[in-house]
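Here is a short note to read beside the model. Keep the sequence and the 3D view open as you go.

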Amino acid sequence: MLNYDIAVIGGGIAGYSAALHALEQGKKVVLISQGQSALHFSSGSIDLLGKTPAGEDVSAPFHAIEQFAERFPAHPYAKLSAQSVRRALRWFQTALAQQGIPLQSEEDEHNHFRITPLGTLKATWLSQPFVYRHRQRLPFKRLLLVSVDGYRDFQPLLAKDNLRKQRDFAQCAVEEISVTIPGCEQLRRNPNELRSIDIARLLKQPQAFNSLCHQLMKGATPDDLLIMPAIMGNGDGLVLLEQLRRETRLHFHEVPTMPPSLLGIRIEEALHKRFVQAGGTLLKGDQVTRGEWHSEQQLKAIYTRNLGDMALHAKAFILASGSYFSQGLKANLSEIVEPIFGLEMVSNSARSTWRAEKFFSPIGHPFMAFGVKTDGTFRPYLHGALCQNLYCCGSVLAGYDPVFEGSGGGVAISTALAAAQHAVLHCEVQTQEECVL
């Protein structure tokens with residue numbers, strides 16, 4: 001029999017954060033992850049809150065969150081204080097810094113803007129070291145987009161046109177520089193098939209790295225901001241970028257590209273490493289298929305695809321299985337469901353109301369805010385009964401649209417720590433009761 005204090009379902013940013021926090025509280029933790037998480041598709045920055053659900057732009061996220069309990073009571077932030085969200089984000093920032101990824105925020109706790117691969121500006125709260133944090137004044141004379149020969153996942157022409165439309169950059173020249181990475185010609189079978197991970201492997205070789213340095217120094221100056229696709233990774237991306245900056249004395253802004261996103265992979269690798277170092281048990285490449293209940297209020301054990309009939313027992317469970325992308329939520333012709341336990345959902349019954357009329361809707365799509373119904377401690381409901389030892393966090397939750405609001409990372413981390421705290425407390429109460437008996 002496999003026994004744990006806490007079992008976490010899901011290996012994304014919410015699942016790892018919950019599991020790490022529980023480990024820090026001295027609990028025995030198992031994490032079940034299907035494989036690659038949504039971090040492989042992420043920007044690598046942590047968005048806290050860019051817009052309210054009403055569509056109002058947010059510059060000071062914590063100030064806005066203080067009003068959520070009154071204005072947006074269904075939102076996950078409404079179940080948390082602004083101070084608890086702040087503590088969660090600072091905890092995450094410290095944890096990543098200790099793994100070699102110093103995420104940076106503004107001293108006044110306001111959002112900054114990052115330049116996206118499309119040349120737009122997006123509000124965010126924590127960014128990696130080589131992401132330019134834009135506020136108002138641009139301290140560069142020229143924006144220089146780096147085009148890599150044979151690389152298909154970054155379109156400088158499109159980004160350049162959009163950058164020129166940005167009012168903040170109206171007085172700044174926007175141009176393009178092309179570079180060739182030695183060795184690429186041996187890897188590709190057509191002119192545009194290279195992926196970021198292919199180039200990252202090449203740039204670990206001194207000849208390719210030195211060639212890139214020489215080409216950049218030839219076409220750029222210290223007065224430029226070089227907007228470069230994230231092509232340095234594979235475990236040492238930040239080390240190589242620091243070396244690139246040191247040798248060229250240029251300024252760089254990394255932008256994430258089509259999957260795999262090396263910026264997102266850095267965060268996943270850091271969380272994975274920290275989890276293993278802390279003594280957690282990781283079941284990677286496995287999937288939870290069902291639960292075993294004492295009653296509809298008490299989850300006793302879970303079963304996975306790889307373990308078959310061997311049950312994983314725990315005192316408390318945390319569901320961080322994600323949204324549609326990671327199959328934490330599933331849609332059929334008539335309803336949207338949580339597929340593991342069949343938990344109660346918050347959603348519209350009529351399929352015609354799941355989406356806005358236009359794909360690029362200015363108010364977002366309703367289905368993005370569908371998810372599991374929870375109480376104030378993030379416990380879900382099953383057949384009308386409140387589950388006593390199961391907690392939910394991250395994008396499986398109802399009540400918010402992470403894309404429209406720009407709140408995905410903040411909600412994931414803050415609800416993960418809240419769920420972990422409640423789960424830890426449940427374990428301790430149960431242990432005390434067992435000692436009395």
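1. Two strands pair if DSSP finds at least two bridges between them. Strands (E, at least two residues) and helices (H or I, at least four) are DSSP runs, numbered from the N terminus. Strand S7 (residues 224-229) runs parallel to S8, and five bridges join them. Ile-227 stands opposite His-253 in S8.

2. A word on the source. This is a predicted model: local features need pLDDT of at least 70, side-chain atom pairs count only at pLDDT 80 or more, and totals for chains, interfaces and linings use all residues. Residues are numbered from 1 along each chain as its sequence is written, and side-chain values use heavy atoms, without hydrogens and water.

3. Which strands make up the open sheet? The order is S6-S5-S7-S8, with parallel pairing. At the edges lie strand S6 (173-179) and strand S8 (251-255), each pairing on one side only.

4. Helices pack on this sheet. Contact means heavy atoms within 4.5 Å. Helix H8 (residues 206-219) touches strand S5 (142-148), S6, S7 and S8. Helix H9 (residues 237-248) touches S7 and S8.

5. Now the core. A nonpolar core is a set of buried Ala, Val, Leu, Ile, Met, Phe, Trp, Tyr and Cys residues joined through side-chain atoms within 4.5 Å. Buried means under 20% relative accessible area (1.4 Å probe, protein chains only). The largest core has 129 residues; Ile-6, Phe-92, Leu-244 and Ile-302 touch the most other members. Helix H12 (residues 408-436) gives the largest share, 11 residues.

6. Look at Ile-302. Not counting residues up to four places away in sequence, Ile-302 touches residues including Ala-7, Met-310 and Phe-341.

Definitions and conventions
Buried < 20%, exposed > 50% of the residue type's maximum accessible area, 1.4 Å probe, protein only. Axes fitted to C-alpha atoms, helices over the stretch in contact; angles between N-to-C directions.
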